[in-house]
Amino acid sequence: MAEDRRLQSNNLKVESLESSMNDHRHHHELMGDEEVVVTVDWRGRPSNPAKHGGMKAAAFVLGLQSFEIMAIAAVGNNLITYVINEMHFSLSKSANIVTNFIGTVFLLALVGGYLSDSYLGSFWTMLIFGFVELSGFILLSVQAHLPQLKPPPCNSNTAVGEDYCEEAKGFKALIFFVALYLVALGSGCVKPNMIAHGADQFNPADNPKQSKKLSTYFNAAYFAFSVGELIALTLLVWVQTHSGMDVGFGVSAAAMALGLICLVSGTLYYRNKPPQRSIFTPIAQVFVAAILKRKQVCPSNPHLLHGSQNNVPNDNSAFSSDVGPFLHSEKFRFLDKACIKIEDGTNTKESPWRLCTVTQVKQVKILLSVIPIFASTIVFNTILAQLQTFSVQQGSAMDTQLTKSFHIPPASLQSIPYIILIFLVPVYDAFFVPFARKLTGHESGISPLQRIGAGLFFATFSMISAAVMEQKRREAAVTSNKTLSIFWITPQFLIFGLSEMLTAVGLIEFFYKQSLKGRMQAFLTAVTYCSYSFGFYLSSLLVSLVNKITSSSSSTGTHGGWLSDNDLNKDRLDLFYWLLAGLSFLNFLNYLFWSKWYCHNPSSSSSRAQQEDHYRYSTTTTATSADHDHNLP
């Protein structure tokens with residue numbers, strides 16, 4: 001009896017172990033000699049698909065996203081007013097402060113993505129830097145409220161009867177810049193992780209139906225972004241104008257606090273991807289190994305490669321017949337040398353800096369391949385910069401009267417795209433995506449690359465509309481002394497709103513899906529934000545170049561360049577818009593070329609990465625290798 005009980009106990013242990021292994025299979029996947037951790041719960045235990053993840057968990061992240069963009073947009077859109085009126089900086093210096101602040105926010109997104117993927121994870125990165133951002137808002141509010149932390153009001157030292165404004169210096173300036181860049185650091189590190197962490201709640205590998213839900217999430221994320229932007233551009237800016245900047249900054253702090261509460265409230269429901277150590281080390285290993293083995297010869301026949309008989313067959317027959325049993329890209333083929341395993345008979349294990357996995361090389365190839373896609377969106381964001389600068393100035397030169405007592409603030413024109421998007425995004429996801437899905441079979445209706453291309457195409461028409469309307473406005477003002485209604489320039493905002501919905505969401509979805517085994521998703525999402533920075537920098541460079549080139553031209557009818565005066569009736573903003581329309585169309589053609597080049601190799605689909613992880617190229621290298629090199633293709 002004792003023996004039977006002992007055998008029964010052992011059987012139960014074995015069954016329990018097998019059950020545990022099956023339950024945790026989604027948590028650890030052994031591929032070759034690497035172990036890939038997928039997701040865990042808040043205690044670090046393997047996540048349970050029945051309890052963790054899904055749209056319920058993502059909804060908490062969407063709440064943070066809406067409140068965070070609400071807080072940062074309210075500060076950014078009215079910051080120049082505070083810098084000039086309260087800090088008493090000059091106009092040129094104030095413009096540089098605002099530009100540097102916005103550019104820093106987007107560039108710091110790379111830091112947030114790196115820290116998340118390498119050391120902290122998305123949740124802890126958002127929580128830590130969310131409080132950093134909150135502290136910046138609070139410090140801005142305190143400074144705006146206390147006269148001791150600001151320069152004295154203008155005219156307080158008017159000895160000669162002229163206005164005198166003392167510029168913020170020393171400790172007061174230090175407080176301001178510390179607060180401002182705490183906001184920049186926090187927001188920059190939080191932004192990419194909101195998108196990545198929300199998308200991490202869906203796992204198409206475990207459940208194909210979640211591919212559709214992931215597509216819906218990306219649209220929902222942009223909807224949350226639009227809601228936050230709209231509230232910031234209307235309600236919060238109104239509060240800042242009528243109740244003071246101290247109250248306005250305080251409202252931003254309250255919004256950020258609510259966002260953090262949303263984030264923490266979903267702790268029990270999140271699927272968390274643990275950090276994978278430095279995400280740059282495997283990339284560096286590929287380049288180092290490829291350089292060290294640059295004299296080796298890669299076999300062209302995959303069936304001759306070491307371990308090819310153990311690979312999972314490729315169901316893409318058109319591809320498998322040419323390339324072999326695992327997905328292999330012919331792009332950047334020199335990197336394949338990092339996977340050549342040298343067999344000298346000693347069975348010595350090579351260093352990771354001399355021998356890399358197929359997946360490592362594939363990830364590097366993907367990163368190199370997406371650079372042209374990223375670069376193609378810079379001109380798009382240059383157009384966005386015009387809608388936030390020149391188009392607002394264009395609206396200022398028009399009739400802003402809506403009723404006898406109400407005038408539309410020109411800056412509020414920026415809210416038009418978001419008003420449209422609040423209605424357009426749900427319609428797109430509820431009607432267009434299912435319809436397109438039936439035609440294309442793609443879970444997103446159309447692929448992210450097709451969505452980006454459509455957005456870039458529509459951006460051209462936004463600038464065409466802006467050019468035509470500016471020409472009409474200028475002619476009416478100069479020849480007839482008439483002022484057109486501000487509503488005439490709304491089409492350029494409406495068209496760009498549609499363009500932004502397609503391009504921005506498509507770009508984020510595309511870059512998020514370029515990570516193999518989920519190693520770099522936050523960082524790759526952060527890369528999309530850098531396009532904003534480069535777009536704004538290109539805008540500044542373009543304006544300077546246009547003024548310099550056109551200043552010597554007499555055909556413009558002005559002594560200066562197209563944009564040299566502060567009077568739009570003397571400037572030729574319409575010609576500048578036509579130039580941008582031409583650049584946008586050329587950029588669209590450039591994008592078509594690179595997107596076709598990217599899609600040329602079927603192995604670009606990252607969903608197949610789990611099937612071909614650790615299989616290495618293998619060739620025999622001996623002292624007489626030179627004698628049989630002719631046998632290699």
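Trainee: At what angle do H2 and helix H6 (residues 170–199) pack, and how far apart are their axes?
Mentor: This is a predicted model, in which local features need pLDDT of at least 70, side-chain atom pairs need pLDDT 80 or more, and totals for chains, interfaces and linings use all residues. Residues are numbered from 1 along each chain as its sequence is written, and side-chain values use heavy atoms, without hydrogens or water. Axes are lines fitted to C-alpha atoms, for helices over the stretch in contact, with angles from 0 to 180 degrees between N-to-C directions. For H2 and H6 the angle is about 150° and the axes are 10 Å apart.

Trainee: Which orientation class does H2 take relative to H6?
Mentor: Angles under 35 degrees count as roughly parallel, over 145 as roughly antiparallel, 65 to 115 as roughly perpendicular, and the rest as oblique. The H2 and H6 angle is about 150°. So H2 and H6 are roughly antiparallel.

Trainee: Is the crossing of H2 and H6 left-handed or right-handed?
Mentor: Compare the near helix with the far one: anticlockwise by less than a right angle is left-handed, clockwise is right-handed. H2 passes H6 in a crossing that is left-handed.

Trainee: How is H7 oriented relative to H14?
Mentor: Helix H7 (residues 210–243) packs on helix H14 (residues 416–440) at about 170°, with axes 8 Å apart. That angle makes the two helices roughly antiparallel.

Trainee: What orientation do H4 and H5 have?
Mentor: Helix H4 (residues 109–120) meets helix H5 (residues 122–145) at about 130°, with axes 8 Å apart. Their crossing is right-handed. The angle makes H4 and H5 oblique.

Trainee: Which residues of H4 and H5 make the contact?
Mentor: Both helices contribute. H4 gives Gly112, Leu115, Ser116 and Leu120, while H5 gives Ser122, Trp124, Thr125, Ile128 and Phe129.

Trainee: How many aromatic pairs does the count give?
Mentor: Rings of Phe, Tyr and Trp (its six-membered ring) pair if their centres lie within 6.5 Å; planes under 30 degrees apart are stacked, over 60 edge-to-face, the rest tilted. By this rule the count is 31.

Trainee: What kind of aromatic pair do Phe60 and Tyr269 form?
Mentor: Phe60 is in helix H2 (residues 54–85) and Tyr269 in the loop between H8 and H9, 209 residues apart. Their ring centres are 5.9 Å apart and their planes lie at 5°, so the pair is stacked.

Trainee: Is Tyr269 buried, partly exposed or exposed?
Mentor: Buried means under 20% relative accessible area, exposed over 50%, and partly exposed in between (1.4 Å probe, protein chains only). Phe60, at 23%, is partly exposed. Tyr269 has 29%, so Tyr269 is partly exposed.

Trainee: How far apart in sequence are the parts tied together by Phe280 and Phe523?
Mentor: This pair is edge-to-face, 5.3 Å centre to centre with 85° between the planes. Phe280 lies in the loop between H8 and H9, and Phe523 in helix H17 (residues 521–550), so the pair ties together parts whose separation is 243 residues.

Trainee: Which residues does Arg473 touch, not counting residues up to four places away in sequence?
Mentor: Arg473 is in helix H15 (residues 448–479). At 3% relative accessible area, Arg473 is buried. Its contacts are Gln394, Ala397, Met398, Leu484, Leu568 and Asn569.

Trainee: How many helices and strands does the chain have?
Mentor: Both are DSSP runs numbered from the N terminus: helices are H or I, at least four residues, and strands are E, at least two. The totals are 18 helices and four strands.

Definitions and conventions. Contact = heavy atoms within 4.5 Å.
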